[in-house]
Amino acid sequence: MTQRGNASKRREVFVASDPTTHGAMVGRVDASQFPIGGPDGNGHVSPGPNPYDLLGASLAACTAMTVRYHANQRKLPLDRVEVGVSFRHGAQGKRDSFERTLALEGELDVQQRAFLLEAANLCPVGELLGIGADIHTRTDTTGFEGDASTQARYEDDLAQLPIPNITPD
């Protein structure tokens with residue numbers, strides 16, 4: 001199949017409740033399946049990554065792939081890249097944010113490390129998420145100097161959603 005043929009294939013992610021596990025959610029992309037955690041509406045929390053975790057995993061995966069790509073293009077001695085991501089709500093009306101940590105292993109000099117840190121900001125998922133949230137990137141050896149935002153918890157945010165008053169006709 002040609003590049004153009006692959007590009008035209010519509011790729012979808014499906015999420016559905018699984019009646020065999022009391023309504024826990026299961027995600028599916030092509031042949032891959034994975035549990036999705038979170039409250040089930042009946043007082044239980046299903047195991048697995050919740051939607052905030054999945055969003056963070058998307059940003060981490062895209063960042064790692066982008067850094068690896070740029071290292072390969074420049075033939076840099078990157079042996080391994082590891083990306084950690086956490087999501088935080090903004091304090092006092094500030095924007096929400098993602099804290100991204102990069103661990104770069106290999107015989108990289110200071111300039112090469114700086115280049116790969118900048119390359120992390122070219123990740124397409126990061127560009128998309130950056131529209132609605134700030135993304136702070138640091139290496140694993142520095143501390144994050146952020147604001148007083150709090151770690152976001154999906155369950156807490158879900159509990160704050162207004163429940164509509166539905167009346168039958």
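The model is a predicted one. A search of the whole structure turns up three salt bridges. Helix 2 and helix 3 pack at an angle of about 135°.

**Salt bridges around Arg 80**

- Side chains of opposite charge can pair when their charged atoms come close.
- Arg 80 and Glu 82 join their side chains in a salt bridge, with 2.8 Å from N to O.
- Glu 82 is partly exposed, because its relative accessible area of 42% falls between the 20% limit for buried and the 50% limit for exposed.
- Arg 80 also counts as partly exposed, at 39% relative accessibility.
- Arg 80 forms a salt bridge with Glu 105 as well, and here the closest N and O atoms are 3.2 Å apart.
- What does this pair tie together? Arg 80 sits in strand 6 (residues 78–89) and Glu 105 in strand 7 (residues 97–106), so the bridge links parts that are 25 residues apart in sequence.
- Glu 105 is partly exposed, with a relative accessibility of 39%.

**The salt bridge of Arg 95 and Asp 134**

- The side chains of Arg 95 and Asp 134 meet in a salt bridge, at 2.9 Å from N to O.
- Arg 95 lies in the loop between strand 6 and strand 7, while Asp 134 lies in strand 8 (residues 134–139). The pair therefore ties together parts that are 39 residues apart in sequence.
- Arg 95 is partly exposed, at 37% relative accessible area.
- Asp 134 is partly exposed too, at 30%.

**The network**

- Which residues do shared partners join into one network? They are Arg 80, Glu 82 and Glu 105.

**Helix 2 against helix 3**

- Two packed helices are described by the angle between their axes and the distance between the axes.
- Helix 2 spans residues 51–73, and helix 3 spans residues 110–120. Their axes are 8 Å apart, and the angle is about 135°.
- The crossing of the two helices is right-handed.
- On the helix 2 side, the contact involves Thr 63, Thr 66, Val 67, His 70 and Ala 71.
- On the helix 3 side, these residues meet Phe 115, Leu 116, Ala 119 and Ala 120.
- By class, this contact has six nonpolar residues, three polar ones and no charged ones.

Notes:
Residues are numbered from 1 along each chain as its sequence is written. This is a predicted model: local features need pLDDT of at least 70, side-chain atom pairs count only at pLDDT 80 or more; totals for chains, interfaces and linings use all residues. Side-chain values use heavy atoms; hydrogens and water are left out. A salt bridge is a side-chain nitrogen of Lys or Arg within 4 Å of a carboxyl oxygen of Asp or Glu. Buried means under 20% relative accessible area, exposed over 50%, partly exposed in between (1.4 Å probe, protein chains only). Helices (H or I, at least four residues) and strands (E, at least two) are DSSP runs, numbered from the N terminus. Axes are lines fitted to C-alpha atoms, for helices over the stretch in contact, and angles run from 0 to 180 degrees between N-to-C directions. A crossing is left-handed if the near helix is turned anticlockwise from the far one by less than a right angle, and right-handed if clockwise. Contact means heavy atoms within 4.5 Å. Ala, Val, Leu, Ile, Met, Phe, Trp, Tyr, Cys and Pro count as nonpolar, Asp, Glu, Lys and Arg as charged, and the others, Gly among them, as polar.
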